[in-house]
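Me: Here is the model I would like to go through. Could we discuss it piece by piece?

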Amino acid sequence: MTLALLDCPTGLAGNMLLGALLDLGVPASIIHGPLAALGLAGRYRLVAEQRRSGGLRGLHLAVESLENDPPHRAWGELRLKILAAPLDPPLQERVLAVFTLLAEAEAAVHGQAVEQVHFHEVGALDALVDVVGVCAALLHLQVEELICTYPPAGHGSVSTAHGLLPLPAPAVLEIARARGMPLASSQGFPPGELTTPTGAALAACWASEFGAHPAAVPLRIGVGLGSRRLDRPNLLRLCLAQPLQQPSQAGAGETGPGERHEPLLEQQAQIDDATAEELAFLAEELRLAGAVEVFSLPIAMKKGRLGTLVTALLPPQLAPALRQVWWRHSTSLGVRETLQRRWLLPRHQANLETPLGPLRIKWSQAPDGHWRSKAEADDLAALARRHSLGLDQVRRLVHDGLAQPPAEAEPVHGEAAGPENAGPEAPSPEEAGKRRSLP
């Protein structure tokens with residue numbers, strides 16, 4: 001598992017986060033490739049500059065538009081363009097999630113339908129570059145968990161396409177409300193915007209949790225600088241780290257030996273006007289769209305009507321995609337969402353060669369170190385049919401191979417980044433302040 005720790009003491013903006021990722025050593029081609037797939041090649045320039053802020057070095061990134069007549073960009077058109085582009089599915093999914101959150105926030109604060117949202121600041125070329133570039137870079141680094149400190153949003157007012165707006169920006173407040181994202185106090189900062197809607201949406205869609213960083217060994221650090229001059233270094237830091245497993249008494253907010261946790265979003269709807277076949281189809285479509293699990297319970301609804309409570313558990317970043325499944329394949333007019341925390345034990349899987357044939361096995365390791373195993377039920381059934389045996393006979397015959405996973409067993413959730421992924425060395429003093437356009 002690649003753990004990323006995002007520290008944003010002076011706020012969060014898309015270009016600052018993208019600058020930190022480039023400072024980590026992400027090749028510029030990782031950013032340019034998907035942007036070209038969206039038809040944006042030749043319409044922008046990334047200008048990176050090694051600077052110092054408050055005596056600390058970092059990379060300042062600016063996106064320069066090369067468009068003489070920037071096209072009108074509305075969410076409905078932009079969404080279709082992203083869906084039609086030849087992007088890798090994980091990247092397409094992430095980019096859609098970020099822009100959907102932005103569109104929903106803009107629609108809420110302006111009181112209009114989501115598809116009718118006209119992106120101004122967040123729909124400009126620099127926001128497209130920031131969102132696509134950040135998502136592509138984090139996927140390139142194989143970031144599976146990102147923990148973000150509370151960003152301050154700013155105070156005062158900001159000039160926008162809608163006129164002078166109060167700070168925090170209305171869209172930032174709406175994103176924070178919708179996703180339960182804490183905002184740090186802006187007391188002590190001069191008036192001005194510290195967290196932008198694009199930065200807030202990126203953090204809300206990528207962060208598995210917000211708060212103080214856990215104990216971890218830093219492996220690589222990237223620093224992105226902001227443009228405003230403050231009374232302190234204006235920067236954010238993105239650190240790839242090796243998490244530590246520390247023994248403790250496992251409680252509601254603590255990690256026990258060998259445990260790890262991840263966020264899960266629970267989506268629920270009560271349905272009283274669907275057939276059993278329609279409910280089964282809905283559950284299958286939710287699973288195919290990425291739900292970790294889908295289950296249902298019979299319930300009594302208003303006016304004494306019998307219905308079904310359908311529940312889906314999913315990674316938070318898949319929420320927009322799965323909501324589309326609910327709208328398409330159910331009769332429900334609303335879906336409830338609740339963010340939860342799932343605790344996991346270390347798990348491994350491998351193919352086991354048995355006297356009856358190959359068998360897929362999953363192992364889990366308990367906090368006291370002992371292993372528990374389970375054979376895939378479909379494989380057991382296939383062996384039983386092939387050899388005309390009962391399931392209990394097959395289990396007995398393969399029992400000896402279930403004690404402990406073999407050395408080649410693969411962790412289900414992947415391993416943390418190792419030292420071989422070390423990033424580039426810090427620039428020499430003579431390189432500091434050098435301005436360059438990234439090829």
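Predicted model: local features only at pLDDT ≥ 70, side-chain atom pairs only at ≥ 80, totals over all residues.

Me: Where is Gly334 found?

Reply: Gly334 sits in the loop between α9 (319-329) and β14 (336-344).

Me: Is Gly334 buried, exposed or partly exposed?

Reply: Its relative accessible area is 36%; because buried means under 20% and exposed over 50%, Gly334 counts as partly exposed.

Me: And what separates the C-alpha atoms of Gly334 and Arg323?

Reply: A distance of 9.5 Å, the two residues being eleven apart along the chain.

Me: Changing topic: at what angle do α4 and α5 pack?

Reply: Helix α4 (residues 89-110) and helix α5 (residues 125-140) pack at about 135°, and their axes are 9 Å apart. That angle makes α4 oblique to α5.

Me: Which hand does the crossing of α4 and α5 have, right or left?

Reply: The crossing of α4 and α5 is right-handed.

Me: Which residues make that contact?

Reply: From α4 they are Pro90, Leu91, Arg94, Val95, Val98 and Phe99. Helix α5 contributes Ala127, Leu128, Val131, Val132, Cys135, Ala136 and Leu139.

Me: On to the largest nonpolar core: which of its residues touch the most other members?

Reply: Leu21, Phe99, Leu146 and Leu238 do, out of 75 residues in that core. Helix α4 supplies the largest share of this core, eleven residues.

Me: What is Leu21 in contact with, leaving aside its neighbours within four places in sequence?

Reply: Its partners are Val26, Val134, Ala137, Leu138, Leu141 and Leu238.

Me: What other core lies apart from the largest one?

Reply: There is another core of 18 residues, and Leu265, Leu279, Leu282 and Val335 are among them.

Me: Which residue just after α1 takes a positive phi?

Reply: That is Gly25, whose phi is about 110°.

Definitions and conventions. Residues numbered from 1 in each chain as written. Heavy atoms only, no water. Axes fitted to C-alpha atoms, helices over the stretch in contact; angles between N-to-C directions. Helix = DSSP H or I, 4+ residues; strand = E, 2+ residues; numbered from the N terminus. Parallel < 35°, antiparallel > 145°, perpendicular 65-115°, else oblique. Left-handed = near helix turned anticlockwise from the far one by under 90°. Contact = heavy atoms within 4.5 Å. Core = buried A, V, L, I, M, F, W, Y, C linked by side-chain atoms within 4.5 Å. Buried < 20%, exposed > 50% of the residue type's maximum accessible area, 1.4 Å probe, protein only.
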